[in-house]
Amino acid sequence: MYGSRICFFEYNMIYCRWQAVLAREESILPERRVSVLKRIYIELGRPCREERSFQALVNDFQKKHYELLELTEESWKASDTDLKESLIITDRQSTVKKASERNIACAGYEISGKTIYHADMVVQGFDELDAEFFLRVYRRHFGLPWTIAQTERLLIRESIPEDFHALYSIYQEPGITAYMPGLPGTKEEERETFQAYISHMYPFYGYGMWTVIEGSSGKIIGRAGLENAEYQGESILELGYMISREYQRQGYGMESVRAILHYGFAELGAEKIYARIHENNRESLRLIEKLSFQEIRRDQKEIRVFCR
């Protein structure tokens with residue numbers, strides 16, 4: 001079988017800056033109505049607006065051709081369709097509450113001594129934040145996954161709850177969990193864990209284990225991505241992948257892992273990526289060596305640790 005030692009449904013919760021690549025939603029979610037961000041409503045005090053970082057953000061919004069509007073009482077009278085295509089940036093808790101009631105994406109801006117609750121995202125400044133960051137906030141609000149990579153034959157995107165049945169079925173295939181942890185809970189327990197993973201891992205980190213889809217058929221064929229792990233007392237990024245038996249030995253593992261590595265180094269800015277592989281998992285050992293990973297030690301009696 002293919003796959004690393006990583007446990008696919010575990011997660012931790014801390015914040016990390018998001019980076020990724022956006023692709024066509026029609027190819028990702030054929031059964032979902034896709035919301036498109038068109039306008040930004042702003043409700044911020046003057047000191048914030050005078051910051052260079054805010055001016056840079058405004059410029060980026062304009063370059064991306066978003067409509068920038070002041071949030072006023074009249075704004076709330078817009079049609080539900082227009083408001084669904086909008087994101088609010090505000091420093092007022094009352095506005096966050098109202099946006100939640102109207103199902104409008106909203107980012108809260110915290111000023112000194114004033115805490116914002118229940119916004120889709122809360123920021124304390126605009127340094128290093130760009131239009132893409134707030135597009136992510138918008139998409140999180142509506143549960144729309146981010147496309148990580150498109151290769152010649154594969155689409156790799158964030159997982160959605162609808163993926164669970166297909167991924168769970170792959171875990172039940174003979175030999176799939178021979179060299180990695182299986183799923184210890186009942187099907188419903190694993191479904192809840194999977195949904196919690198989606199809700200917490202992606203928003204806080206911007207990475208995790210993603211769904212791998214065969215492009216021509218649209219069929220889910222596995223999972224691949226980067227997880228948080230620890231090595232010699234330090235936090236690391238660890239590679240993991242799992243390909244359905246039907247699609248093994250056809251180069252899909254190599255294709256997906258190569259795309260994941262590019263994302264990790266180019267988009268996340270990772271300096272190193274690790275992999276732990278059982279010594280009997282020959283297919284994965286061959287794959288990892290072809291991708292220029294170097295063995296650094298044997299973590300346990302049967303586990304070999306690689307780094308690139």
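Predicted model: local features only at pLDDT ≥ 70, side-chain atom pairs only at ≥ 80, totals over all residues.

Visitor: How many helices and strands does the protein have?

Guide: The protein has 9 helices and 13 strands. Buried residues make up 51% of its 308 residues.

Visitor: And what share of contacts joins residues at least 24 apart?

Guide: Counting contacts between residues at least 6 apart in sequence, 63% join residues at least 24 apart.

Visitor: Let's talk sheets. What order do the strands take in the open sheet of 5 strands?

Guide: The order is S2-S1-S3-S4-S5, and the pairing is parallel. At the edges sit strand S2 (67–70) and strand S5 (121–123), each pairing on one side only. On average, neighbouring strands of this sheet are turned by 20 degrees against each other, ignoring direction.

Visitor: How many bridges join S1 to S2?

Guide: There are 4 bridges between strand S1 (residues 39–43) and S2, and the two run parallel.

Visitor: Which strands does helix H2 lie across?

Guide: Helix H2 (residues 52–63) lies across S1, S2 and strand S3 (86–90), and runs at about 130 degrees to S2. Helix H4 (residues 93–101) packs on the sheet too, touching S1, S3 and strand S4 (105–109). The direction of H4 makes about 160 degrees with that of S3.

Visitor: Can you zoom in on a residue in S3? Is isoleucine 88 buried or exposed?

Guide: Isoleucine 88 lies in strand S3. Its relative accessible area is 2%, so isoleucine 88 is buried.

Visitor: What does isoleucine 88 touch?

Guide: Leaving out residues up to four places away in sequence, isoleucine 88 touches Tyr41, Leu71, Trp76, Thr95, Ala99, Ile104, Ala105, Cys106 and Ala107. Also, isoleucine 88 and alanine 119 are 31 residues apart in sequence, with their C-alpha atoms 9.9 Å apart in space.

Visitor: New topic: charges. How many salt bridges does the structure hold?

Guide: The structure holds 22 salt bridges. In general, side chains of opposite charge can pair when their charged atoms come close.

Visitor: Show me one in H4. How far apart are glutamate 101 and lysine 97 along the helix?

Guide: They are 4 residues apart in helix H4, so about one helical turn separates glutamate 101 from lysine 97. Their side chains meet in a salt bridge at 3.1 Å, N to O. Both glutamate 101 and lysine 97 are exposed.

Visitor: Which pair links distant parts of the chain?

Guide: One is glutamate 283 with arginine 249, 34 residues apart. Glutamate 283 is in helix H9 (residues 282–290), while arginine 249 is in the loop between strand S10 (234–243) and helix H8 (252–267). The closest N and O atoms of this salt bridge are 3.3 Å apart.

Visitor: Why does arginine 249 count as exposed?

Guide: Because its relative accessibility is 58%, and exposed means over 50%.

Visitor: And arginine 304, buried or exposed?

Guide: Arginine 304 is buried, with a relative accessible area of 14%. Arginine 304 and glutamate 295 meet in a salt bridge at 2.7 Å, N to O. Glutamate 295 is partly exposed, at 35% relative accessible area.

Visitor: Which residues form a network of salt bridges?

Guide: Lys38, Arg39, Glu67 and Glu85 are linked in a network of that kind.

Visitor: Back to helices. At what angle do H6 and H7 pack?

Guide: Helix H6 (residues 164–171) and helix H7 (residues 187–205) pack at about 120 degrees, with axes 11 Å apart. That angle makes H6 oblique to H7. Their contact is made by Phe164, His165, Leu167 and Tyr168 of H6, and by Lys187, Glu190, Arg191 and Phe194 of H7. The crossing of H6 and H7 is right-handed.

Visitor: Last one: what does S7 pair with?

Guide: Strand S6 (residues 147–150) pairs with S7 in the antiparallel sense over 3 bridges, and a hairpin joins S6 to S7 through 3 residues. Glutamine 150 has leucine 155 in S7 as its bridge partner. S7 is also joined by 4 bridges to strand S8 (residues 209–214), again running antiparallel. There, arginine 157 stands opposite threonine 211 in S8.

Visitor: Which residues of S7 are buried on its two faces?

Guide: In strand S7 (residues 154–157), Leu154 and Ile156 are buried on one side, and Leu155 and Arg157 are buried on the other.

Terms used: Residues numbered from 1 in each chain as written. Heavy atoms only, no water. Pairing = 2+ DSSP bridges. Axes fitted to C-alpha atoms, helices over the stretch in contact; angles between N-to-C directions. Contact = heavy atoms within 4.5 Å. Salt bridge = Lys/Arg side-chain N within 4 Å of Asp/Glu carboxyl O. Buried < 20%, exposed > 50% of the residue type's maximum accessible area, 1.4 Å probe, protein only. Parallel < 35°, antiparallel > 145°, perpendicular 65-115°, else oblique. Left-handed = near helix turned anticlockwise from the far one by under 90°.
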